[in-house]
Amino acid sequence: MARRASSPASAPAPVRLRRPAALGLALALLLPLAGCLGGGIGGVGAADEAEAIARVNAFRAENGLPPVRRSPALSRAAADHSRRMAAAGTVSHMLGGPLTARIRAAGVTHWWGAAENLAMGQPTYGAAVTSWMRSPGHRRNLLDPVVTEAGMAASPAPGGGGRPYWTMILAAPR
């Protein structure tokens, strides 16, 4: 809530912004709410996935590794798997078959290596990535020097308001 000064003499002079500056300010104030208008878990979408992959790439760079790039096919496979886990109410690497079969079904038919990180309950993409960075097995997947592509997705638990189920798939297609 705005606080008003007790006398007009102590009130600050109004600030007039030029239209571009006002538009920039409005965008800066509204941008954090933009996810509420999109699709996906709690309104997050491709921008959140891109931010999560950028975070993974920063982590890889800190550890002397090259970046991974977003793969639409791996993102689809991750989304399908997150939906399966949410529908089943469990975190499992085997729902829908083994990882290799699931990424093949998504269109990645030839690869050198693949890994999958799963989580449940983290409120944001960033929180899911942070939890994986802190877990030895998940960290190993994020820092796998062989992988070159990644896809990530989330799905809410059925009934709304549920805890999201997260999937990140990393692979090295040939």
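**Notebook: contacts and pairs in a predicted model**

Residues are numbered from 1 along each chain as its sequence is written, and side-chain values use heavy atoms, with hydrogens and water left out.

I placed Asn141 in helix 6 (residues 136–142); helices (H or I, at least four residues) and strands (E, at least two) are DSSP runs, numbered from the N terminus. I then listed its contacts (heavy atoms within 4.5 Å). Setting aside neighbours within four places in sequence, Asn141 touches Ala115, Glu116, Asn117, Val147 and Leu170.

**Aromatic rings**

How many aromatic pairs does the structure hold? I found one. Tyr125 and Trp166 form this pair, which is edge-to-face, at 4.8 Å centre to centre and 75° between the planes. The rule takes rings of Phe, Tyr and Trp (its six-membered ring) whose centres lie within 6.5 Å; planes under 30 degrees apart count as stacked, over 60 as edge-to-face and the rest as tilted. Tyr125 belongs to helix 5 (residues 125–133) and Trp166 to strand 4 (residues 165–173), so the pair ties together parts that are 41 residues apart in sequence. I checked the burial of both partners: Tyr125 is buried at 9% relative accessible area, and Trp166 is buried at 0%.

I also noted Arg174, which lies over the face of Trp112 at 4.8 Å from the ring centre. A charge sits over a ring if NZ of Lys or CZ of Arg is within 6 Å of the ring centre and within 35 degrees of the ring normal.

**Salt bridges**

I counted four salt bridges, each being a side-chain nitrogen of Lys or Arg within 4 Å of a carboxyl oxygen of Asp or Glu.

- Glu49 pairs with Arg70, and their closest N and O atoms are 2.6 Å apart. This pair links distant parts of the chain, with Glu49 in helix 2 (residues 46–62) and Arg70 in strand 1 (residues 69–70), 21 residues apart. Glu49 is buried at 4% relative accessible area, whereas Arg70 is partly exposed at 37%.
- Arg69 meets Glu149 at 3.2 Å, N to O. Arg69 is in strand 1 and Glu149 in strand 3 (residues 149–155), so I recorded another link between distant parts of the chain, 80 residues apart. Glu149 counts as buried, at 14% relative accessibility.
- Arg83 meets Asp80 at 2.5 Å, N to O. Because the two are three residues apart in helix 3 (residues 72–88), about one helical turn separates them. Both are partly exposed, Arg83 at 46% and Asp80 at 33%.

**Helix 3**

Helix 3 has 17 residues and reaches 24 Å from its first C-alpha to its last, close to the 24 Å expected at 1.5 Å a residue; the expected span is 1.5 Å times one less than the number of residues. Which residues of helix 3 are buried? I listed Ala73, Leu74, Ser75, Ala77, Ala78, Ala79, His81, Ser82, Met85 and Ala86. Just after helix 3, I found Gly89 with a positive phi of about 70°.

Conventions
Buried < 20%, exposed > 50% of the residue type's maximum accessible area, 1.4 Å probe, protein only.
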